[in-house]
Amino acid sequence: MKPIFVRGISNQFRLTLAIILSVALLVANHRLDPVRQNLSSVFSPLQYLASMPGAALDWSSESFATRNMLALQNKELLRQQLLMSERLQRFEHLRQENERLRALLGSPAYLDSRKMVAEVLEVASDPFHHYVVLNHGSRSGVFVGQPVVDAQGVVGQVVQVSEMTSRVLLLSDVSHGLPVRITRNDVRLVANGTGELDEIELRHVAKSTDIRVGDLLVTSGLGNRFPEGYPVARVLEVLTEDGQSYARVTAQPLAALDRIRYVLLIWPSPDSGVTLPNQPTAPAADQSLSEEASKIGSASPAEGTSAETTKPVTTPAATVAKPATETTSPATEVHR
Amino acid sequence: MSFQAANGRFIVWVTLFIGVISQIMPLPSAVDTWRPDWLLMIVLYWSIALPHRYNILTAWMLGLVLDILLGATLGVRSLAMSLVIYVAILHCQRLRNFPKWQQSLVIMLLICMYHLVIYWVEFVMQEAVFDTDLFLPAISGLVIWPWIFWILRRVRRHYKVR
């Protein structure tokens, strides 16, 4: 039946060939990005197929829900809607007030940006990388470096785009760094992932830095990738040990990274400080200036309090001063 | 290679395809750490049963597909998988004749080796955090291997795969 002496090339030769090919791939990894993008496009139907059982389960649990459950859910949603609309009224008022104050100060106004809801197709079952795959790709205009948030806070950024899908690097990945600031006192820091889904760390924090447990960290917009002001994490622990040159600060991401299903893709408005892929980079210099100006502006007490209450719904983006009347559409509306 | 015509090639690729799909299927994170390495075990079965047909280069290719789908560094899983399959093919005669429990233990060790190789390569390529959760798939693999073996042997005999 089976040959005892294997003819053709020997196993040792095959293994050597496999090892050489793998090492070549590993070494050339960074140069292979375009190839990889095409390959992911080819394989994305597999990802859709793999997410089908889960989707079918969701569908069946939705369609077989009892009347009682639906009524309960409906009631809860109505209650939430009432709360939200009340908050929205207040928010609308505060937004206008904020814009007027900003116009008075001559500092950049906040602008709405385009957003799109995306569904998580796949979560990487790889212990060393924190990725999720979304069901929108370059066909929907997704680009590399695009910020991704959920209802609670920042989720991460797009690192790889194929035709129909895109891959998001979560902010808890060891290779992810995010410039943040503390809302309480505007101290700037960088939040690094630790490889744990529910923990990020702030590195190189001087022991004398004014940082406390419970402080809210928001994006500072300094990396030119994330718009300013999205909530990121809450400080969990501040450890100052003798003999260590820096304090050890850990924080818990606000986004529920272990159970994300729907996320928002954000297109920063073109005249914000955030650099889009195919955009001339000439005005970058005065943009960073205007961003500095907005930072100085946000130190005033009146602005600070309004920013506190409207945090989850604002989509702030620094821009050259524009008349307040131009931005009238409610910020919570999802375009598209 | 062998002089016999290949038989039942299609059904083997169907099982491998199912392996790939179950490897990337989204699962709740509590179950996810226990996800057995379906693809690795299926490739292991075929390379133990038919080493002259499904061998190191098949494993290398499937590892590469997995790397692309998981968005990992290209070449990590293909390297780990080809090493594991090489060891399995070296001992395929012995593995076939082992009692079930002994076979499962060896498979568990091979799965551990697979994860260790992945960890080492990732560690060399970039920062990777070692976590003993790494070996949970080996334990679930230990439990599941006899079933996979049984099902795939039924498949092999039914379709007369050679």
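Predicted model: local features only at pLDDT ≥ 70, side-chain atom pairs only at ≥ 80, totals over all residues.
**Exercise 1. Confidence**

Task: State what scores the predictor gives the complex, and the average pLDDT of chain B.

Solution: 
- For the complex, the ipTM is 0.82 and the pTM is 0.65.
- Chain B has an average pLDDT of 87, and 96% of its residues score at least 70.

**Exercise 2. The make-up of chain B**

Task: Determine how many helices and strands chain B has, and what share of its residues is buried.

Solution: 
- Chain B contains 8 helices and 0 strands.
- Chain B has 162 residues, and 43% of them count as buried.
- Take the contacts in chain B with a separation of 6 or more: 68% of them join residues 24 or more positions apart.

**Exercise 3. The largest nonpolar core**

Task: Find which residues have the most contacts inside the largest nonpolar core, and which element gives the largest share of this core.

Solution: 
- The core has 96 residues.
- Those with the most contacts inside it include A:Val155, A:Ala191 and A:Val232 from chain A, along with B:Val43, B:Leu44, B:Met81 and B:Ile85 from chain B.
- Helix H3 of chain B, residues 38-49, supplies the largest share, 11 residues.
- Now take B:Val43 and set aside its neighbours within four places in sequence: its contacts are B:Leu16, B:Thr58, B:Ala59, B:Leu62, B:Met81 and B:Ile85.
- As a general point, nonpolar side chains in soluble globular proteins tend to be buried together.

**Exercise 4. The barrel in chain A**

Task: Give the order in which the 6 strands of chain A close into a barrel, and say whether the pairing is parallel or antiparallel.

Solution: 
- The order is E6-E7-E8-E11-E10-E9, with antiparallel pairing.
- From one strand to the next, the twist averages 40°.
- For one pair, look at E9 (residues 216-219) and E10 (residues 231-239) of chain A, which are antiparallel over 3 bridges.
- A:Leu216 stands opposite A:Arg234 in E10 of chain A.

**Exercise 5. Where the chains meet**

Task: Count how many residues of each chain are in contact with the other, and name which element of chain A gives the most.

Solution: 
- On chain A, 42 residues are in contact with 38 residues of chain B.
- The elements of chain A that give two or more residues to this side are helices H1 (11-27), H2 (33-50) and H3 (52-63), and strand E1 (114-123).
- H1 of chain A gives the most, 9 residues.
- By class, the side of chain A that touches chain B has 21 nonpolar, 13 polar and 8 charged residues.

Terms used: Residues numbered from 1 in each chain as written. Chains lettered and ligands numbered in written order. Core = buried A, V, L, I, M, F, W, Y, C linked by C-beta atoms within 7 Å. Buried ≥ 20, exposed ≤ 12 C-beta atoms within 10 Å, placed from the backbone. Helix = DSSP H or I, 4+ residues; strand = E, 2+ residues; numbered from the N terminus. Contact = placed C-beta atoms within 7 Å. Pairing = 2+ DSSP bridges. Axes fitted to C-alpha atoms, helices over the stretch in contact; angles between N-to-C directions. Nonpolar A, V, L, I, M, F, W, Y, C, P; charged D, E, K, R; others polar. pLDDT = per-residue confidence, 0-100.
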